[in-house]
Every structure is written in C-alpha cells, then in structure tokens.
Amino acid sequence: MAQEKRDYYEVLGVSKGASEDEIKKAYKKLARKYHPDMNPGDKEAEEKFKEVNEANEVLSDPEKKARYDQFGFAGVDPNYGAGAGGGAYGGGFDFGDLGDIFGSFFGGGFGGGQRRNPNAPQRGESIRASVSVSFTEAAFGCEKSVTLERSEQCPTCKGNGCAPGTTPEICPDCHGTGTVQTRRQTPMGVFASNGPCRKCGGTGRLIHQPCPDCRGTGAVRKRKTIKVNIPAGIDHGQTISLR
C-alpha cells in the first residue's frame, strides 16, 4: 500500500497563510538539514529531502500553490488517486489528432494541416544534461564543465548527404515535394489524400552515392565541452536554459 502523502504546508512547517519569504526560508532550512551531502547513506533523510523539494516546487509557484489550496493534491498531480489506470478515462485522447485524421483523409485541408516542406530549415534539437553539485556549490554558486554530444552539419558533404563530387537527384515521383497525392473512390465520391513519397522516403531527393562520413544523413555527432555558471541558491532539480 502506498504511503499517504503529507500536506505540503505540514512538510515545510509553515501555515497556509505563510508568505513567499517564509516558505522560502523554511525550505532552505529543511533542504540543508536533509541534504544528502549532510546525511551520507541516510535513506530516511534522502526521502525527507525529496518530500521537502516536492512541497517547495508547488508552494513556491503562485499558480501551483493556488491550485493546491483549492483542490489539494489533485490540483497539482493529475494522477493523484487515479491508480495505474490514470483515472476514469485513461485513454489520453489528444484532440489535436483530429486534424491529422481528417487531414490525411481529405488531403490536408482540415484544420490547416498542410504537410511541412521536407527541405525547409528545421529547428535544432534540444539537449539536456544533468550536473551534480555539492551543497556548498549550490549555496554559493560555481562554474562547471559539461560535455555534450550533438548533431552538426557534416563538413564533408555540407549537409546534402552526397559523396564529394556528386549531387542529389530530384525525386521524379514527388518532384521534390516529399509528398504524393492519391485518390480513392468511395461511396461518397472521390477523396484525395497526401502522404509521404515512398520512392524518396519523404525527403524529395534521391542520393545515389551517399557521403562516406555521414552515410547520407547530412549530419555527424560531435562532442563539445562548455562552461556553465551555476547561480547561487539554485534548488534541487532546477533547470538552467542555455541558448
């Protein structure tokens, strides 16, 4: 049987009417008391530390705090009390799927669902990395070296995926669009639908001689080490965004 969760205000030892500053002070005091660096090998302290961080994550956020004050744990955790089934309705249906369903059936005309140009510039990937810091480093701030691995344009083929001295061929089936239209006769009439071109795999190009370094993908994986400034007073589990 799962252990009953304690009230977040009780966890931090503050009243429901506590100010933002009071909540912050209570959290820092308890975080220091139960921090793993201060209690090596103490499983109970580790669980207390997690409990304190969970309470602070909600009570330090005005929006989450308001939902918690009104609805309790159910206001900040959609799975609370739902068990493994995820509540009365656990299907997780996304109404955004309707655009894809009707778009593929009626040729991409439903909900503005036009297929993206496969040759258009794409947004770069997001990279996440975890960094461990001691209690002192978290309290006063520090600088850490982080090694990341990311995809970069292949320097050999300049990103086109072709071996040096060769160029890709425009797909004759989709004429470089990456999509083809098919028509279906149904009792309701003729319907057209768009789908990825099978001949080129939706890229709009045919590569007959792939680049030997990237094997036709146009990208290679590179490792890079960067310096990251950890601000003073950072909380456990907090995220820092770098651009």
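Mentor: A nonpolar core is a set of buried Ala, Val, Leu, Ile, Met, Phe, Trp, Tyr and Cys residues joined through side-chain atoms within 4.5 Å. Buried here means under 20% relative accessible area, exposed over 50%, and partly exposed in between (1.4 Å probe, protein chains only). The model is predicted: local features need pLDDT of at least 70, side-chain atom pairs count only at pLDDT 80 or more, and totals for chains, interfaces and linings use all residues. Residues are numbered from 1 along each chain as its sequence is written, and side-chain values use heavy atoms, with hydrogens and water left out.

Trainee: Which residues have the most contacts inside the largest nonpolar core?

Mentor: They are Tyr8, Leu12, Val14, Val52, Leu59 and Tyr68, in a core of 20 residues. Helix 1, helix 2 (20–34) and helix 3 each give two or more residues to this core. Helices (H or I, at least four residues) and strands (E, at least two) are DSSP runs, numbered from the N terminus. A second, separate core has seven residues, including Val146, Leu148, Val228 and Ile234.

Trainee: Why does tyrosine 8 count as buried?

Mentor: Its relative accessible area is 4%, and the limit is under 20%, so tyrosine 8 is buried. Tyrosine 68, at 6%, counts as buried too.

Trainee: What makes the pair of tyrosine 8 and tyrosine 68 tilted?

Mentor: A pair of aromatic rings is described by the distance of the centres and the angle of the planes. Rings of Phe, Tyr and Trp (its six-membered ring) pair if their centres lie within 6.5 Å; planes under 30 degrees apart count as stacked, over 60 as edge-to-face and the rest as tilted. A search of the whole structure finds four aromatic pairs. For tyrosine 8 and tyrosine 68, the centres are 4.8 Å apart and the planes stand at 35°, so this pair is tilted. The pair links distant parts of the chain, with tyrosine 8 in helix 1 (residues 8–12) and tyrosine 68 in helix 4 (residues 62–71), 60 residues apart. Ring pairs also join Tyr8, Tyr9, Tyr68 and Phe73 into a cluster.

Trainee: Why does asparagine 53 count as buried?

Mentor: Asparagine 53, in helix 3 (residues 43–59), has 9% relative accessibility, so it counts as buried. Leaving aside neighbours within four places in sequence, asparagine 53 is in contact (heavy atoms within 4.5 Å) with Tyr27 and His236.

Trainee: What does leucine 12 touch?

Mentor: Not counting residues up to four places away in sequence, leucine 12 touches Ile23, Ala26, Tyr27, Leu30, Val52, Ala55, Asn56 and Leu59.
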